[in-house]
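I am opening a notebook on this structure and writing down what I look up, one topic at a time.

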Amino acid sequence: MKKLFEDMLDRLSRVPGVRGAMIVDAQAGVPIVEEMAEGVAGGAVAAMAASLVKRSAKAATTAKFGELRAIQLEAAAGHLIIASHRDVVAVAVTRVDAQLGLVRVEMRNVLEALKR
Amino acid sequence: MRRADLDQVVAALRQPIETFVGETRVRIALLINRSGQVLGQYGFTRKYEVVNVASLAASASAAATALAELTGSQRWTHLHHGGATRQLFIAPIQTPSEEIILVAIFDDDSSVGLVQLFFDRFGEKLASLEAFRDAAPTSDQSNFEQDLEAGLEHVFLPDQ
């Protein structure tokens, strides 16, 4: 399983503009595997991303939107793309000029792989 | 910690505990010293629950310290117990006057990662408090029970 996660991260991390990616245990809010650029606090990103997914999933349910699939957070200096499936959350931290379309495609692939 | 120091310590801890609870969304937070004396709490409604949790957490902390020494792991950073609906996080905080212990209980609204993340900052804040610079260390044997009682008197209002 860990090898599968590592392969997913490897592909995600190779997308231009991606500063790091990780697979997170959604319940614990801690990284399972991570590949982060220096200066990015992986543990903090994992905890916050898992918390954000929990909250957003509740909001999606309340709004009757069904299952939460992905969250895209835009900030001044970069983006955070988060996709979740059951107890696993995939996170990509990107620069502002990253190829977001490509990142989203890779995130979808990660999700598909998690579902199998 | 002696009765005279408690007013100052309990008052100084109130705000940091509330901030920690707000950031981490834990349901219950309890601060005790190594003897099990209660220095601060958030979320408990009954005194006897605090007494039970405080004494069990103090003994769990002592056991963890002994285990860490025994296995050569040296200083332990935290204990985490994941229950079916609630989780428990126990961690020591070193202050200039003595070691204190945080007990946090949380459910699905939080996570061990989130608690861990804010715990580091919480520990730094507590260690820098003026109250811990001046406070006398843990009670001696003759005053032990009296001082344990004093802790409870300070963290609960009289009618609780």
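Before I start on the strands, I note the rule that two strands pair if DSSP finds at least two bridges between them. I also keep in mind that this is a predicted model.

**Entry 1: the sheet of chain A.** With that rule in hand I looked at strand β1 of chain A, residues 18-25, and found that six bridges join it to β2(A), the two running antiparallel. As one example from this pair, A:A21 stands opposite A:E35 in β2(A). I then followed the whole sheet, which is open, has five strands in the order β2-β1-β5-β4-β3 of chain A, and pairs them antiparallel. The edges are taken by β2 (30-36) and β3 (70-75) of chain A, and each has a single partner strand, so one side of each is left without a neighbour in the sheet. Neighbouring strands here are turned by 15° against each other on average, if direction is ignored.

**Entry 2: helices on that sheet.** Helix α1 of chain A, residues 2-13, lies across β1, β2 and β5 (88-95) of chain A and runs at about 155° to β1(A). Helix α3 of chain A, residues 100-115, lies across β1, β3, β4 (78-85) and β5 of chain A, and its direction makes about 20° with β4(A).

**Entry 3: the core.** Which residues have the most contacts inside the largest nonpolar core? I found that this core has 72 residues and that A:V24, A:A49, A:V91 and B:I32 have the most contacts inside it. Helix α3 of chain B, residues 112-127, gives the most to this core, with eight residues. I then took A:V24 by itself and, leaving aside its neighbours within four places in sequence, listed its contacts, among them A:G29, A:I32, A:A49, A:V89 and A:V91.

**Entry 4: where the chains touch.** The contact takes 11 residues from chain A and six residues from chain B. On the side of chain A that touches chain B, helix α2 (residues 42-62) of chain A gives the most, with seven residues. Sorted by class, that side of chain A has six nonpolar, four polar and one charged residues.

**Entry 5: chain B as a whole.** I counted five helices and five strands in chain B, and from the N terminus on they run α-β-β-α-β-β-β-α-α-α. Of the 160 residues in chain B, 38% are buried.

**Entry 6: one helix of chain B.** Helix α2 of chain B, residues 47-70, has 24 residues and reaches 34 Å from its first C-alpha to its last, close to the 34 Å expected at 1.5 Å a residue. Its buried residues are B:V50, B:V53, B:A54, B:A57 and B:S61. I recalled that an α-helix has 3.6 residues a turn, so residues three or four places apart point the same way. After α2(B) comes B:G72, whose phi is positive, near 75°.

**Entry 7: two hairpins in chain B.** β3(B) and β4(B) form a hairpin with four residues between them, and they pair in the antiparallel sense over four bridges. A second look showed that a hairpin through four residues also joins β4(B) to β5(B), with antiparallel pairing over eight bridges. B:F89 belongs to both pairings, for B:H80 stands opposite B:F89 and B:F89 stands opposite B:A104 in β5(B).

Technical notes
Residues are numbered from 1 along each chain as its sequence is written. Chains are lettered from A and ligands numbered from 1 in the order in which they are written. This is a predicted model: local features need pLDDT of at least 70, side-chain atom pairs count only at pLDDT 80 or more; totals for chains, interfaces and linings use all residues. Axes are lines fitted to C-alpha atoms, for helices over the stretch in contact, and angles run from 0 to 180 degrees between N-to-C directions. Two residues are in contact if their C-beta atoms, placed from the backbone, lie within 7 Å. A nonpolar core is a set of buried Ala, Val, Leu, Ile, Met, Phe, Trp, Tyr and Cys residues joined through C-beta atoms within 7 Å. A residue is buried if 20 or more other C-beta atoms lie within 10 Å of its own, exposed if 12 or fewer, and partly exposed in between; C-beta atoms are placed from the backbone. Ala, Val, Leu, Ile, Met, Phe, Trp, Tyr, Cys and Pro count as nonpolar, Asp, Glu, Lys and Arg as charged, and the others, Gly among them, as polar. The expected span of a helix is 1.5 Å times one less than its number of residues.
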